[in-house]
Amino acid sequence: MQDIADFTGDSLGLSIQAKDTPADIIVFCGVRFMAETAKIISPHKKVLLPRREAGCPMADMIDRESLLRLKEKHPAAKVLCYVNTSAEVKAECDLCCTSANAPLVVEKGLQAAEEIIFVPDKYLGSYVARKTGRKFILWDGYCPVHVKILPQHVEKAKKEHPQAEVLAHPECRPEVLELANQVLSTEGMCRYVARSSLKEFIVATEVGILHRLRKENLQKGFYPAFEGAVCENMKLTTLEDVLQALEEEKHEITLSQEIIEKASQSIERMLQLR
């Protein structure tokens, strides 16, 4: 799938590329929240999700009604949502963030907030809270793939590859992040590896990134911290699904104008921060 794509990258980066491309139809080979984000940013384009059932378990751990109840309990708090959320949840947030820019968004966009509600990933939220020293109200959500990566997996990989540097995604457990040399988003990993003089890396995130890392860095070695860190939802889309989506324009993402307008505000506020 990565080899036939026009663009590969993280969800927000791909949505921005979808906006900038002259194409008026976008086939998003990922999961629903990614395709919804592309639709929010490019409301006049047709966005297709080749596999309608491809969802994100973490994004599904928070819905609009649950967030509204949490906001009622903390009326003075500002709401920061991870990009891994539905369009309806984004519409109820003050700011959106990625795993790469979350600390910057907190420091520059929420400097006056006494309390910050963060949804849905408690591990990313706790990481950003530690980085910024701010008070977070965390939703009890997590990525089922990243929580499978345990400290003993990283320790085993380090013994097998003693010269390798450990790269971990901030969705990992805190005890895994403590073992990492670098805590980076997926795009951050790709940029870091390209610049690094080191030749071996242990990668603590979903294993799909290994194909891209190896393809873009032919002289370097990459090893999964845990081979079982596989997102089945991201793997649902097949070449046949893409062909059918292109031929029949099936599974179009549709959002109400109200949701698009409200959700786009949280994204636009994020994009304005530098």
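Helices (H or I, at least four residues) and strands (E, at least two) are DSSP runs, numbered from the N terminus. Glu249 sits in the loop between H11 and helix H12 (257-271). Glu249 has a positive phi of about 50 degrees, although it is not a glycine. His251 is found in the loop between H11 and H12 as well, and His251 also has a positive phi, about 60 degrees, without being a glycine.

A quick word on where this comes from. This is a predicted model, in which local features need pLDDT of at least 70 and side-chain atom pairs count only at pLDDT 80 or more, while totals for chains, interfaces and linings use all residues. Residues are numbered from 1 along each chain as its sequence is written, and side-chain values use heavy atoms, with hydrogens and water left out.

Glu249, with a relative accessible area of 34%, is partly exposed. His251 is partly exposed too, at 24%.

Now let's step back to the whole chain. The protein chain has 12 helices and 10 strands. Its radius of gyration is 19 Å, close to the 19 Å that the globule rule gives for 274 residues, so the chain is as compact as a globular protein of that length. That radius is taken over C-alpha atoms, and the rule is 2.2 Å times the number of residues to the power 0.38. Along the principal axes, the C-alpha atoms fill a box of roughly 55 × 50 × 30 Å. Of the 274 residues, 52% count as buried.

What is on the inside? The largest nonpolar core has 86 residues, and those with the most contacts inside it are Leu67, Leu80, Ile117, Ile149 and Val203. Helix H2 (residues 32-41) gives the most to this core, with six residues. By nonpolar core I mean a set of buried Ala, Val, Leu, Ile, Met, Phe, Trp, Tyr and Cys residues joined through side-chain atoms within 4.5 Å. Contact, in turn, means heavy atoms within 4.5 Å. Not counting residues up to four places away in sequence, Leu67 touches Ile62, Val79, Val89, Glu92, Cys93, Ile117 and Val119.

Which kind of peptide bond joins Val119 and Pro120? That bond is cis, with omega at about -5 degrees. Pro120 is in the loop between strand S5 (116-119) and helix H6 (122-132).

Pro120 also has a partner to look at, Asn84. Leaving out residues up to four places away in sequence, Asn84 touches Phe33, Met58, Ala59, Pro120 and Glu171. Asn84 has its place in the loop between strand S3 (78-82) and helix H4 (87-90), and with a relative accessible area of 11% it is buried.

One last stop, Val230, in the loop between strand S10 (221-224) and helix H11 (239-248). At 25% relative accessibility, Val230 counts as partly exposed. Beyond its neighbours within four places in sequence, Val230 is in contact with Val145, Glu206, Val207 and Lys235. The C-alpha atoms of Val230 and Gly208 are separated by 7.4 Å, with the two residues 22 apart along the chain.

Conventions: Buried means under 20% relative accessible area, exposed over 50%, partly exposed in between (1.4 Å probe, protein chains only).
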